[in-house]
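Hi everyone, thanks for coming. Please get the sequence and the structure up on your screens, and we'll walk through the protein together.

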Amino acid sequence: MKFNEFNFNETLLEGLDAMGYEKATPIQEQAIPAILANKDLIACAQTGTGKTAAYLLPILHKIAEQQSSHIDTLIIAPTRELAIQIDQQVEAFAYFTNTSSIAVYGGGDGMAWEQQKKAITKGVDIIIATPGRLISMLGSNTADLSKLKHLVLDEADRMLDMGFSDDILRIISYLPKNRQTVLFSATMPPKIRMLANKILVNPEQINIAISKPAEGILQQAYVVYDNQKLPLLKQILKQGDYKSVIIFASTKESAKKLEIDLRQAGVQIKSFHSDLEQNVREEIMRQFKNRQLQVLIGTDILSRGIDVDGISLVINYDTPNDPEDYIHRVGRTARAESTGTAITFINEKDQKKFFDIESLIGNEIPKLTLPEALGTSPAYEPERKRNTFDKPKGKKPFHKAKRPNNA
Ligand code: AMP
């Protein structure tokens, strides 16, 4: 379906044209008419499907058609990176319209906070905010949301995983009841359904995400002993002609250490994690987007929402803890119908986790043979490992490992 079939406002179509958007993606085809019809919506879609434009375009159309002097739309997102990125998309789509927006997030300096407050007091159509900062803003009466028409929760599952459930409900208590609410989530666990039941009214439901990585991604894996990981990584980076590479480590400590090891091996690399100041994170991301920096290493903080085109290789130096994280990580490559490669290193301990990932995506991922100089791989026996690792140890009750909270 072409965008001009949606009867969008001319100025919005101009913006789409300038960005080279022609055909709507499946999530856009389904979500745009529902949002234009003012229905509440619950949509299951991952990043990479075009979900951001799926909610932004109909809202921008409505704002362009009916300018008002009040804050029209609130978009809540889990991380500042995602908030900034959504704001950039608003700016691009709304380039020829009169719509204004601001991203509101913590972690910046006092000046950024003052600027955000000033912009909101002056009047803005769309606020894109992380929950914590928005609560402070509402507490200080900076933003008047009483005339709000649209509320969007983006990556709602991630927000609940990060413990923002109460914050979201508190924010909603400041909003008018008579509003349109749209909830996007990459997964639909029961807690999302419960949240949706609380805050949506007769929602339409769209299910695009089948929890499968995009088809353009060549997925591969190496079964390794821990001491084979670093030499293998060096070899892959040395041999491959990859323009833009993201390496995922499971903790920021491991990311920092790898940065040092790879620098010593002559790789031009930077690490991206939550210990860095906001301006440093932005600068690293800018360099990576501009291709001044070829290799970026980070934790799962990089796996959601970061929108950089043309990433040719994703390496999971550590197997992700969670199958959904795997999908988000490998989804950094092969964005919007391009192609890319995703390679996962599986040590002995992580074989069960990788098996879960393969089960979720319904495919066995090919295991490559290690380069000869690195020796032989351990056997891949996830079923045996599964039995070993799933059993309670000693007398302690067994608890499923929690997602590490140090990304
Ligand atoms: P998202 O799922 O919102 O993170 O979008 C993934 C990428 O696809 C972003 O780079 C978008 O700019 C791009 N994109 C989204 N919709 C379209 C479309 N209809 N045509 C071309 N590119 C798109």
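Okay, one word before anything else: a residue is "buried" if its relative accessible area is under 20%, "exposed" if that area is over 50%, and "partly exposed" in between, using a 1.4 Å probe and counting protein chains only. By that rule Gln351 is buried, because its relative accessible area is 0%.

A bit of housekeeping. This is a predicted model, so local features need a pLDDT of at least 70 and side-chain atom pairs count only at pLDDT 80 or more, while totals for chains, interfaces and linings use all residues. Residues are numbered from 1 along each chain as its sequence is written, and side-chain values use heavy atoms, with hydrogens and water left out.

Now the overview. The protein chain has 15 helices and 13 strands. Of the 407 residues in the protein chain, 53% are buried. The chain exposes about 19000 Å², and carbon and sulfur atoms supply 49% of that; these areas come from the Shrake-Rupley method with a 1.4 Å probe, and for residues only the protein chains shown count as cover.

When I say "contact", I mean heavy atoms within 4.5 Å. Take the contacts in the chain with a separation of 6 or more: 76% of them are between residues 24 or more positions apart.

Let's go to strand 1, residues 41–44. Next, pairing: two strands pair if DSSP finds at least two bridges between them. Strand 1 runs parallel to strand 6 (residues 180–185), with four bridges joining them, and Ile42 has Leu183 as its bridge partner there. Strand 1 also pairs in the parallel sense with strand 7 (residues 204–207), again over four bridges. In strand 7, Leu41 is partnered with Glu204.

Leu41 comes back in the next part, the nonpolar cores. A nonpolar core is a set of buried Ala, Val, Leu, Ile, Met, Phe, Trp, Tyr and Cys residues joined through side-chain atoms within 4.5 Å. The largest one here has 38 residues, and Leu41 is one of those with the most contacts inside it, as are Phe3, Phe8 and Phe184. Among the elements giving two or more residues to this core are strand 1, strand 6 and helix 3 (51–65). Helix 3 gives the largest share, eight residues. There's a second, separate core of 34 residues, including Ile135, Leu148, Ile192 and Ala196.

Which residues does Phe8 contact, leaving aside its neighbours within four places in sequence? They are Phe3, Leu13, Leu16, Ile32, Leu36, Leu57, Pro58 and His61.

Find strand 9, residues 245–248. Val245 and Ile247 point one way, Ile246 and Phe248 point the other way, and all are buried. Four bridges join strand 9 to strand 11 (residues 295–298), where Val245 partners Val295 and Phe248 stands opposite Gly298. Towards strand 12 (residues 313–316) there are four bridges as well, with Ile247 opposite Ile315.

Two helices to look at here.

Last stop, back to Gln351, which sits in helix 14 (residues 351–361). Gln351 is 31 residues from Pro382 in sequence, yet their C-alpha atoms are 5.0 Å apart in space. That's it from me, thanks!
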